Amino acid sequence: MFCILLSTVVSLGIVTAENGQNAWLRYAPLRSVNSYNLSLASNIIALNTSKSSPVYTASLELQKGIQSIFSQAVKESDEIHQAASSLIVGTVDDYSHVYGNGNDVPDLEEDGFWLNTEGETVKILGQNERGALYGAFEYLSMLAQGDFSHISSVNNPNQPIRWVNQWDNMDGSIERGYGGSSIFFNNGGIVDDLTRVSEYARLLASIRVNGIIVNNVNANVSLLSPQNIQGLGRIADVFRPYGIQVGISLNFASPTAIGGLTTFDPLDSGVISFWTNITDQLYQRIPDFAGYLVKADSEGQPGPLTYNRTLADGANLFAKALNPYNGVVMFRAFVYNQLNESDWKADRANAAVQFFKPLDGKFANNVVVQIKYGPIDFQVREPTSPLFSNLYNTNTAIELEVTQEYLGQQCHLVYLAPLWKTVLDFDLRVGQKASKVSDIISGERFNRPLGGSAAVVNVGTNATWLGSHMAMSNLYAYGRLAWDPSKDSQNILQDWIRLTFGLASEVLNTITKMSMESWPAYEQYSGNLGIQTLTDITGNHYGPNPQSQDNNGWGQWTRADKKTIGMDRTVWNGTGYSGTYPPEIASMYEDISTTPDNLLLWFHHVNYTHILHSGDTVIQYFYNAHYSGAETAQAFVKLWESLKGKIDAERYEQVLYRQTYQAGHSIVWRDAISNFYWNLSGIPDEAKRVGNHPWRVEAESMVLDGYTIVPVKPFEAASNYTAIITSSNTTAGTVATKLEFADGTYDLAVNYFDVVGGRAKWQVYLNNKEVGEWIGDHEDTLGHALSANLDGGTASRVTFKGVKIQKGDMLKIVGSPDGAEAAPLDYVALLPPGVID
Ligand code: GCU
């Protein structure tokens, strides 16, 4: 017998034209497998061959995978007693029944599996059918990574609930979706062709996700129409062979909206019958229906508080209807009110504990309170939600967001597993005992029957699913961590890289480096020291806009003024939030000297000149971090370019496009945030970088013909605070300037605004010779939320590399407007080698 080292296995060249649709399940061919003397099973014995069975799916997947990786056909066989040199897949019960030797199989928990590749017969046995399918995917994942070792491995899930939440609307749009439109819905109904849904099911099953909520938490009542319930049934039929149960988000006011009732009071008998009836109808069509996700009394959604009923009354209403069917209610803890910033003690971060702690023990056993990882809303860094440490007699689940809503909307590379791990691994020290979040949500710490994870995953019709190949590492990592939160982020990532991009070590090392540096870099240039993502909070959550955080009722405040910044969340002088943690954690955050720098401004209101543990002042750290984060984003482009020829051309170009865009946008972020706080505090950057751009020529300072100077809002989104647009929406404008830089070779960067509503064209000339051109088509090429304004989200950069310049050359840009896009320009930068600006 043999064991082959991973490093000796090579993938068989580069597969051309990959569009990402198969993601990590592409089963790329491996080279010279025969030379490894690998004897693969030639038969598959599937212990259930009914088409809707996950065991049958497992057998199909094994045939497909082995064929694709090794070009070797494996036949399905019903010769159950010729098991030698076969691959047996099924449940432990069926295995015992057929072979009578189930006693050899280790004990498994629900959904668990045993993978045994030690003998001549490979055994993939699940505690249930779903577990068997997971085992098949695990075996294929090993093979695809060139891992042919002989193992006997028991795999059990850490937590029973491992769901994803799609925020899809019935009209086919997706709330916070950046990868195309819905694969589930269009025109108010369920799509006819569910092929993509089945491919999605396959991906989810391979990462051991066992449930999906298919519609937006801001739910549309029309999903409950008889016709749509039938449509949901079709969706569930597609997910069933993959062991995934389907559930839906509910609108609490459905009884009045579609039930002909005058109330949606959860204690009203008519309302109770309404929901019982709806639930019965759903189970009639979908016997394995998963349950409901409920967003109530949150951000304008109706809920029980309207009738002075508690949130527990609201949740239990559904729990009762679901209970006969073993269905589950995921009840969201994302409940908060609008607040007034003039009240020093007001704090949205306190809301969940205030609403839910008094209800501990009042929720039915099939209710799970679904808690976002931090107390606000998926920010680039938040402390662990204290609600996890305040519910001992309630099932809980963590809510993560694969969707990069506040984290670059899949147009910035941000590998999220390290962020999630800061929460999953966090020890809340409840009762002065080890209380890791992962052990709380699994049900273990407080001995709860249910619990788990949910992730917002807004995949869409884009071939890449999320709009970006690289963003798929987050979906992969989510499933892996929900199964086993103790796994290392980098190890998970590397499995994903090998499966997605191949086994070459340069590819592995480069993508590892980029991904592992990506969240820290994004944090550095978007919002550090715990201040949150300084994005357009009242807008589309994409570009920089620090002042939008304050002076509104949303409570994501920074409380920045001329001298100070940060939320005082202490008990002694602030909102009292730190006191909502167990004593050991509370005292750490209460005291500024023991608060980690990366959460300083979350917990404390300080002067810009406050000295951090690192020795920098707050303001100087801001400047340094923004410059260093943007620098890292530039390096990602070079790193990616080093992979040319080592990755298929299609995905190489698509990733390069996004990395190049990110590099430009990180400079927009860097400058906007640095300028904003420089303006506010009046404290200059010790390193003299902020506001000092010797390599730039502002568009407004050039000779303008057919162009007009306009202010930009927020001002800091433009260099020197203004930009130019063509004076008419139909006639091209020209800007020209004489370049006063020394002779040499430069990268010529142009900062412009790519707004929705047109595809303007720009052409750049040096001494009337064209250097290059580009089109304002980000609405087609990038999936982030759009804006029609010149702002931090539309500010973009294009770079022409290696342009030879002589002092006195005439630079000219011709901008041809299109529709609402008036060919806006901000500045030109001529960057000598090594200069980033
Ligand atoms: C965020 C997000 C909304 C979403 C909400 C929620 O606020 O921006 O789009 O509806 O979270 O989680 O319910």
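## Around Glu-299 and beyond

Glu-299 touches Phe-334, Tyr-336 and Trp-554, leaving out residues up to four places away in sequence. Keep in mind that you're looking at a predicted model.

**The annotated residues**

- Glu-299, Asp-377 and Glu-405 carry the label "active site" in UniProt, and that label comes from an unreviewed entry.
- Where does Glu-299 sit? You'll find Glu-299 in the loop between E12 and helix H8 (311-322).
- Glu-299 has 37% relative accessibility, so it counts as partly exposed.
- Asp-377 is in a loop too, this one running between strand E14 (367-372) and strand E15 (395-401).
- Is Asp-377 buried or exposed? Its relative accessibility is 5%, and buried means under 20%, so Asp-377 counts as buried.
- Set aside the neighbours within four places in sequence, and Asp-377 is in contact with Phe-334, Arg-348, Lys-372, Glu-382, Tyr-406 and Gln-556.
- Phe-334 turns up in the contacts of Glu-299 and in those of Asp-377.
- With Lys-372, there's also a polar contact: the side chains of Asp-377 and Lys-372 are joined at 2.7 Å.

**Strand E11 and its partners**

- Five of the six residues in strand E11 (residues 245-250) are buried, so the rest of the structure largely encloses this strand.
- On one hand, E11 pairs with strand E10 (residues 211-213) in the parallel sense, over three bridges.
- Within that pairing, Gly-211 stands opposite Gln-245 of E11.
- How does the chain get from E10 to E11? It crosses through helix H5 (residues 226-239), making a right-handed β-α-β crossover.
- E11 also runs parallel to strand E12 (residues 291-294), and three bridges join the two.
- Ser-249 has Leu-293 in E12 as its bridge partner.

**A buried arginine**

- Arg-26 lies in the segment before strand E1 (43-46).
- Its relative accessibility is 13%, so Arg-26 counts as buried.
- What lies 2.9 Å from a polar atom of the Arg-26 side chain? That's the backbone oxygen of Leu-499.

**The domains**

- The chain is divided into domain 1 (2-155), domain 2 (161-488), domain 3 (502-567 + 605-691) and domain 4 (696-831).
- Going by C-alpha atoms, the centres of domain 1 and domain 4 are 55 Å apart.

Note on methods. Residues are numbered from 1 along each chain as its sequence is written. This is a predicted model: local features need pLDDT of at least 70, side-chain atom pairs count only at pLDDT 80 or more; totals for chains, interfaces and linings use all residues. Side-chain values use heavy atoms; hydrogens and water are left out. Buried means under 20% relative accessible area, exposed over 50%, partly exposed in between (1.4 Å probe, protein chains only). Helices (H or I, at least four residues) and strands (E, at least two) are DSSP runs, numbered from the N terminus. Two strands pair if DSSP finds at least two bridges between them. A crossover is right-handed if, with the strands pointing away from the viewer, the path from the first strand over the helix to the second runs clockwise. Domain bounds come from an automatic or database domain assignment. A polar contact is a pair of N or O atoms within 3.5 Å; within protein, one must be able to donate a hydrogen and the other to accept it, and residues adjacent in sequence count only if both atoms are side-chain atoms. UniProt positions are given in the numbering used here, feature names are shortened, and annotations may be inferred rather than shown by experiment. Contact means heavy atoms within 4.5 Å.
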